[in-house]
Amino acid sequence: MQAQNHRWISFFSFLLFCASSSPTQEGTRLLQELSPKEYFSSLQAGRASLAYFSPKVSPGAQPFLEQIENSAEALQDYGISVVKVHCPKEDASRYCGKENALRKAYLFRANVLIREFPTDALFDVNSIVANVLFALLFNEVKYVETLADLQNIENTLKGKSNMVFTYVPATGTAEHRAVMEAAFVYGTVHQFVLTTEAMLLKDSGNDDVSSAKMLFCHCQLVTDLSEPCRRTPMEQTLTLLNIHRHLKLMGAPLVTEVAEDPEKVSTVHLQLGLPLVFILSQKETYEADRRTAEFVAWRLLGKAGVALLSRDLLDLNILLRSKVALKTPEEGVPIKYLVLEDTDEVITLVEDTNKIEQIQEEEEEEEEEEEDIKESSNQDIQDDQVVEAVSRDKKRELPLEKIQVLTEENFSSALLETTRTVVLFYASWEAVSLAVLQSYTEVADHLKGTEGLLLSAVNCWDWPGVCRMENVTQFPTIKIYEKGERSVVYNGMWGTEQLTSFIMLSQVSCPLKLATIDEAERYLRGEFPSELSSYHHTSILGVFSTATSEAREAFEEAGNILSGHVTMGMYLEDDALALSHKYAVSPPAILLARSGGQSVEGIALAKEKTQEMVQMIRYELLDAFPEITVQNLPHYLQLRKPFLILFSDGGIDQMESEEMLKLAKGRAQQAFVACWLSLKKTPVGRGILKAYFATIPTLPVLIWVNLHAGGQVFKFPPEQSITEMNILSWLEKLKAGLEIPSSTLSEEDWKPPLPAYDFLQMMDTAEPSLHNSHQHGDTPSQSSPESLRGDSTIQEEPSQETKAEKVGSPGRDLRGTAPRLAAREKQGKRHSEL
């Protein structure tokens with residue numbers, strides 16, 4: 001470390017040498033002795049000089065002259081010459097003729113007097129250098145006496161430059177000199193501000209005014225004048241080397257992104273003898289990990305460096321469980337990889353390096369305990385993927401700034417303040433709620449700035465009265481409230497895209513009443529209304545005459561049921577017949593416009609009951625030969641028909657696609673669902689094939705399976721080409737019982753391997769008074785069969801707790817490979833028994 005200090009001293013001396021206005025010529029004495037005439041004739045433009053005028057014999061000035069001579073070498077580094085001027089006895093000029101002038105030293109730039117110094121103020125080398133540089137750097141160093149002056153300077157610098165604010169108990173000290181020497185080098189980069197007023201230091205939150213202090217004020221990052229500049233104190237004593245070191249650290253990148261072996265990484269922090277903290281990141285959680293790294297970096301600024309290490313680009317097995325790594329500046333010391341839970345532990349780790357070994361020992365003990373739990377098959381752990389994921393990610397903090405927290409106090413008023421209010425009702429201890437919260441925050445980000453729309457959330461754990469009043473019996477639930485009108489309940493998939501589409505579609509009347517044929521045509525082309533052009537693929541237009549009132553009323557009721565899920569328009573005008581004749585239908589009828597109006601299909605309305613019409617519309621919206629995905633599978637399962645599935649490893653051959661489409665649109669289309677599934681896009685297909693066969697067959701493969709009757713699986717002969725005729729012939733053999741099934745699926749019900757938690761009983765044990773608040777609702781863990789298929793009332797996320805927590809630190813929890821969806825620290829402790 002000592003060798004490293006010498007290296008930085010040499011480097012800083014080099015900076016000072018380069019910064020000197022003009023080097024001293026060889027052979028020139030450091031303390032020059034000249035006559036007044038010689039001195040004034042030797043003054044050069046741009047050069048500064050410190051002169052002391054004295055008689056040839058002045059015993060009282062001897063101590064001062066010794067200090068002046070000692071300071072000559074230090075001032076020379078800054079291009080300032082030191083001159084002793086001998087005044088003849090007969091000289092009666094301004095500087096030699098008056099007795100009090102002999103008790104002063106004078107600072108000149110060229111022949112212009114800059115400052116007069118009483119000799120008793122220049123009592124040693126530190127005071128001489130400090131006062132001379134202070135006088136010369138009056139533009140680079142501002143002296144302030146009041147808080148208002150400091151605030152004005154800070155406001156002027158916001159968004160432009162940073163400020164170095166220094167308090168010294170007195171001028172002329174060694175600390176004052178160190179600040180002035182640093183300002184000589186960095187004064188054009190940062191604004192230096194100096195004060196001797198202890199009150200200004202106390203206002204900055206430091207009550208210790210017995211010694212000099214320096215604060216680096218990060219004003220360049222601030223654009224709002226109402227926001228203060230973030231301040232980073234220098235904790236070391238004010239020496240030139242420490243100041244230089246501190247300013248180097250303040251100028252380094254806040255977070256360094258690393259995509260190489262951390263053993264090979266070198267940053268300015270390591271070079272200056274400080275540790276480097278790696279926050280381990282991955283592509284899926286990059287933004288959250290970046291925010292965490294920045295939060296940690298601000299807390300450790302000046303104490304350690306922070307780097308964001310991408311584990312996606314590294315092949316290090318040691319990173320699998322770790323979230324943090326620590327590299328120390330000592331050579332030969334291996335990097336420590338640690339599994340820390342929140343940022344406070346990282347701060348403690350850096351500030352108390354003795355804890356590294358203790359943390360590693362605790363982590364090893366935890367790993368052993370986890371292995372013991374796995375081996376003993378602990379029945380208290382629910383075998384559910386959502387619960388497992390939320391438990392693993394329980395400390396991931398999501399950006400909830402765009403979601404308003406509703407309580408008993410502001411729920412009713414919030415619904416009246418905005419045209420449309422989306423409310424997520426959730427339980428902060430319920431797994432699916434916590435998982436849905438991530439989608440909900442992404443929706444809030446997508447829809448930010450949408451006029452007349454408010455996204456909000458209610459934690460039913462904290463406010464059970466609100467949820468009971470709104471008849472919320474399942475978690476999570478999303479409702480959309482219109483000001484002064486009824487609410488609409490979301491009952492679709494929980495993905496971000498589906499939620500966003502539902503919220504946007506529900507803003508428009510369903511059905512939307514169209515006034516002219518031009519509006520109707522534009523609606524079929526997907527151009528009307530314009531704000532929904534990117535949120536749907538199929539438009540449904542009902543065409544009615546005045547004589548078809550019953551069908552029209554059923555269509556309107558169906559629109560209310562399907563609001564948010566489809567776009568429905570209605571045309572009921574005198575010229576409705578002209579529109580229906582164009583598409584070869586007679587009112588009452590519906591027109592289905594697929595692919596932006598390129599294909600319009602007319603369907604006569606034979607059914608006039610609302611529920612039958614809803615089922616008919618849902619069926620007509622299904623594709624003839626769909627690609628099966630996790631999102632759309634429930635819609636096709638509801639048809640309760642056998643599946644004819646073509647499994648492929650990517651896309652499907654055009655000829656095979658055409659043959660399957662002809663089959664799907666043919667006479668047999670009512671009997672089964674013809675579809676295809678890409679293992680590349682939907683990897684779960686591999687698991688399906690393994691359940692059908694011992695090994696995955698050669699792809700593509702055509703499968704017939706009836707999930708609703710018998711569960712028999714038949715494989716289309718691989719030696720035959722996939723054509724409509726061959727498939728129909730094969731299906732006839734299946735119907736006649738001439739084909740042997742490849743396998744038969746088990747008739748067991750699909751249930752969780754372990755029973756679900758009884759949350760109400762646990763809540764009653766923890767806080768009995770809360771049980772009564774839920775007694776009129778369903779037990780959250782008792783989901784309906786529809787909810788298991790993903791088409792029940794929407795479920796939701798963890799609460800934001802209180803407004804105070806919402807404003808809390810943005811990077812409280814580490815994210816890394818295990819994103820933590822839920823819980824703030826307070827909430828985790830509060831519900832630890834769950």
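Analyst: A residue is called buried when its relative accessible area is under 20%, exposed when that area is over 50%, and partly exposed in between, with a 1.4 Å probe and protein chains only. By this rule Ser 563 is buried, at 10% relative accessibility.

The model is predicted, so that local features need pLDDT of at least 70 and side-chain atom pairs count only at pLDDT 80 or more, while totals for chains, interfaces and linings use all residues. Residues are numbered from 1 along each chain as its sequence is written, and side-chain values use heavy atoms, with hydrogens and water left out.

The whole comes before the part. Helices (H or I, at least four residues) and strands (E, at least two) are DSSP runs, numbered from the N terminus. The protein has 29 helices and 30 strands, and 48% of its 834 residues count as buried. Contact means heavy atoms within 4.5 Å. Among contacts between residues at least 6 apart in sequence, 74% join residues at least 24 apart.

The expected span of a helix is 1.5 Å times one less than its number of residues. For the 14 residues of α10 this gives 20 Å, and the end C-alpha atoms are 20 Å apart, which agrees. Its buried residues are Ala 288, Asp 289, Thr 292, Ala 293, Phe 295, Val 296 and Ala 297. What covers them includes strand β12 (276-281), strand β13 (305-310) and helix α11.

Angles under 35 degrees count as roughly parallel, over 145 as roughly antiparallel, 65 to 115 as roughly perpendicular and the rest as oblique. A crossing is left-handed if the near helix is turned anticlockwise from the far one by less than a right angle, and right-handed if clockwise. The crossing of α10 and α11 is right-handed. Thr 292, Phe 295, Val 296 and Arg 299 of α10 make the contact with Thr 343, Asp 344, Val 346 and Ile 347 of α11.

Strand β12, one of the elements covering α10, contains Phe 278. This phenylalanine, Phe 278, is buried, with a relative accessible area of 0%. Leaving out residues up to four places away in sequence, Phe 278 touches several others, including Val 258, Pro 262, Ala 307, Leu 309, Val 324 and Ile 335. Phe 278 and Gly 305 are 27 residues apart in sequence, and their C-alpha atoms are 8.5 Å apart in space.

α4 (residues 125-136) and α6 (residues 174-186) pack at an angle of about 40°, with their axes 8 Å apart. That makes α4 oblique to α6. The contact involves residues including Val 125, Val 129 and Leu 133 of α4 and His 176, Met 180 and Phe 184 of α6. The crossing of α4 and α6 is left-handed.

α15 bends by about 25° at Leu 437. The 16 residues of α15 (residues 431-446) should span 22 Å, and its end C-alpha atoms are 24 Å apart, which agrees. Leu 437 is one of the buried residues of α15, with Ala 431 and Tyr 440 also among them.

The loops complete the picture. Ser 563 lies between α19 (549-562) and β23 (567-571), and its contacts, beyond neighbours within four places in sequence, are Val 488, Phe 502, Ser 506 and Cys 510. Cys 510 is joined to Pro 511 by a cis peptide bond, with omega near 5°. Pro 511 is in the loop between α17 (496-505) and β21 (512-514). The loop between α20 (576-582) and β24 (589-594) holds Pro 588, whose peptide bond from Pro 587 is cis, with omega near 0°. Ala 584 is found in the loop between α20 and β24, and its phi is near 60°, a positive value in a residue other than glycine. Ala 584 is exposed, at 69% relative accessibility.

Note on methods: Bend = angle between axes of the 7 residues up to and from the residue. Axes fitted to C-alpha atoms, helices over the stretch in contact; angles between N-to-C directions.
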